[in-house]
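Me: I would like to go through a structure step by step. Could you help me read it?

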Amino acid sequence: MLSCKQCAQTFTIAPQDQKILDTFDAPAPKLCRECNLKQRLAFRNERNLFRRTCEKCHKSILALYSKASTAHVYCRECWYNDTWDTTQYGRDYDPARPFFDQMKELTRAVPVFNLWQIGQNENCDYTNAAMNCKDCYFLFSALEDVGCVYCEQMGYSKDCSNCLHVDYGELMYDCVTVNTGYKCAGLLDSDKCTECYLGRDLTDCQNCFGCVNLKHKQYYWYNEPLEKTEYERRLAEALATRESWAAHQQKFTQHAAKYPRRFARKKNTEGTGYELTNSSDIRQCIIVWESQNCGESMDVFNSKDVYRCNHMGWLENTYQVATSVNVTYSLGVFGSEYAAFLNYCYLCFNSENLFGCSGLRKKKFCILNKQYSEEAYKKLRAKIISDMKARGEWGQFFPTQLSLLPYNETMAQRYFPLTKEEARKQGFMWNDETAGLRNKETLPPDKVPNKIPATPDTITKEILRCTSCDNNYRILTQELKILRALHIAVPLECQDCSHKNRLKHYLNPFLRQHQCDCTKRHPQHAATDRCPNTFETIWSHQPEPIFCKTCFEAELGD
Ligand SMILES: [Zn+2]
Ligand SMILES: [Zn+2]
Ligand SMILES: [Zn+2]
Ligand SMILES: [Zn+2]
Ligand SMILES: [Zn+2]
């Protein structure tokens, strides 16, 4: 049993994970799964973008680095230009000083690019961590999406607005964790649904309103069947005004709390964690698909033999790797692509055999951005590893002080929120600037039509004021089109407040032991009041009971 150096929580290492540690000759981690994740997430900013100037061409750009960041920022065109070479920042290794101190100086000196835009993105100005998207705006962490606005964590979706974690969705609004959906609003944790409003855990349902835990149903209203004509009459009534829709949102929250929730979403997967699809041998992971042998990782796809990694795809044999794709046989890597045999590298691309490098492309045998012969590289690498082992650095992720981002702009703040004082004490930067425009509204909230048919197209020209945070916001033409298709009135809350509401229904990385809450004396626990099954689940603060797989499926029926 090991004890976390930060939170004192005890933890163990699975034999499969120990094998991965052994391939790097790395000692046991100093931090528990959660503190280690916090450390890696403190390097990732998805949705806080800022205006600044490219330090090379002086063009005005959007960047994921605010003025509070210590980064030198180039636009992507300048950064990927072959006329400059980051080996110019190369330096000698100083055995008298800790390696991470030298790495910190290097990462602060080498310029970074402004945004993560992978593959071919077309007409996607205000997006970050997007790959092959088209006509999207305010979209983060996205793959192959078209016409999606104000969304996060989307894949293969079209014309969606205000959604979080939707794959294969079309005309979806305000949905969270949905796989395959058409024309739905307010839908949570559901699959293969069409024209459903306000629902949780629905599978293959059509025209259901306010329903929970249903499969293969049509024309259900708060879990009761209705005639088609009556369903349509009630639906028209529910969607008539902003007030009628809001009343149903509230009613649904109370209705849904009475129904059990499944402890984990797993499809065709063996292992522990949440939101696991077509994978095998998964240990305490969150969001994994098409992967094998992954331990304590988050947001992983098409990967194999990984331990404590996050936000990545096509990885093999990696430990402490974050925000990377196509990286193999590597330890301690952030933001790298198409690379192999990297140790402690930051934003390195199409490279192999690099140690402690930042911003290199198409290179091999470099240490601290300095070029060596293969033989000299191997010798110095062995020396640094032995020094790092002696100092307790080898095998750890980059210390938090290496992050170029203020803590409150990173993904770490979402799951491990800190106050400014706490963040400073832990060695993080902080951004005091408050985002958002104020007092510029051209249309006050009480003048925004409460019926979508009565809303003129010119609403997209107006500046509105959020009734929750007072910040100004706009309705995009694309958003209005989606609202019209779903017959929902223009919201009085800004997209940021609406995103915060969705996060309450979204998964988290905290797995806790829980005993099944079922007291229905299903056959397998007929003799006991409460089902004796225990499991690990991310749901601990929800009002509804959490059921084990057997009890949940018994409730669901066919
Ligand atoms: Zn800990
Ligand atoms: Zn530039
Ligand atoms: Zn707001
Ligand atoms: Zn049970
Ligand atoms: Zn039961």
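This is a predicted model: local features need pLDDT of at least 70, side-chain atom pairs count only at pLDDT 80 or more; totals for chains, interfaces and linings use all residues.

Me: Let's start with the zinc ion (ligand 1). Which residues are its protein donors?

Reply: The zinc ion (ligand 1) has the SG atoms of Cys4, Cys7, Cys32 and Cys35 as its protein donors, and they lie 2.3 Å from it.

Me: And what geometry does that site have?

Reply: The site of the zinc ion (ligand 1) is tetrahedral, with angles of 107 to 115° among the four donor atoms. For comparison, the ideal angle for four tetrahedral donors is 109.5 degrees.

Me: How are those donors spaced along the chain?

Reply: The donors of the zinc ion (ligand 1) follow the pattern C-x2-C-x24-C-x2-C. Cys4 sits in the loop between β1 (2–3) and β2 (10–11), while Cys32 sits in the loop between α1 (15–23) and α2 (33–41), so this pair ties together parts that are 28 residues apart in sequence.

Me: Are Cys4 and Cys32 buried or exposed?

Reply: Cys4 counts as buried at 4% relative accessibility, and Cys32 counts as buried at 2%. The reasoning is that a residue is called buried when its relative accessible area is under 20%.

Me: Now the zinc ion (ligand 4). What coordinates it?

Reply: The zinc ion (ligand 4) is coordinated through the SG atoms of Cys516, Cys531, Cys548 and Cys551, at 2.3 to 2.4 Å. Its site is tetrahedral, with angles of 102 to 115° among the four donor atoms.

Me: What about the spacing there?

Reply: Along the chain, the donors of the zinc ion (ligand 4) follow C-x14-C-x16-C-x2-C. Cys531 belongs to the loop between β32 (512–515) and β33 (534–537), and Cys548 to the loop between β34 (546–547) and α12 (549–556), so the pair ties together parts that are 17 residues apart in sequence. Cys531 is buried, with a relative accessible area of 0%, and Cys548 is buried as well, with 3%.

Me: Which residue bridges the zinc ion (ligand 4) and the zinc ion (ligand 5)?

Reply: Cys551 bridges the two ions, which lie 4.2 Å apart.

Me: Changing topic: which residues of helix α4 are buried?

Reply: In α4 (residues 99–109), the buried residues are Phe99, Phe100, Gln102, Met103, Leu106, Thr107 and Arg108.

Me: What do they pack against?

Reply: The buried residues of α4 pack against β26 (337–346), β27 (349–355) and α7 (374–391). Of these elements, β27 is mostly covered, with five of its seven residues buried.

Me: How does β27 pair with other strands?

Reply: β27 runs parallel to β26, to which five bridges join it. It also pairs with β28 (residues 364–367) in the parallel sense, over three bridges. Leu354 of β27 is the bridge partner of Leu342, and the bridge partner of Leu354 in β28 is Cys366.

Me: One last residue. Where does Ser244 lie?

Reply: Ser244 lies in helix α6 (residues 242–256). Ser244 is buried, with a relative accessible area of 17%.

Me: Which residues does Ser244 touch?

Reply: Leaving aside residues up to four places away in sequence, Ser244 touches Glu237, Ala238 and Leu239. A polar atom of the Ser244 side chain lies 2.8 Å from the backbone oxygen of Ala238.

Note on methods. Residues are numbered from 1 along each chain as its sequence is written. Chains are lettered from A and ligands numbered from 1 in the order in which they are written. Side-chain values use heavy atoms; hydrogens and water are left out. Donors are N, O and S atoms within 2.8 Å of the metal (3.2 Å for Na, K and Ca); water is not among the atoms, so sites may look incomplete. Four donors count as tetrahedral if all angles lie between 85 and 135 degrees; four count as square planar and six as octahedral if opposite donors are over 155 degrees apart and all others between 65 and 115; anything else is irregular. Helices (H or I, at least four residues) and strands (E, at least two) are DSSP runs, numbered from the N terminus. Buried means under 20% relative accessible area, exposed over 50%, partly exposed in between (1.4 Å probe, protein chains only). Contact means heavy atoms within 4.5 Å. Two strands pair if DSSP finds at least two bridges between them. A polar contact is a pair of N or O atoms within 3.5 Å; within protein, one must be able to donate a hydrogen and the other to accept it, and residues adjacent in sequence count only if both atoms are side-chain atoms.
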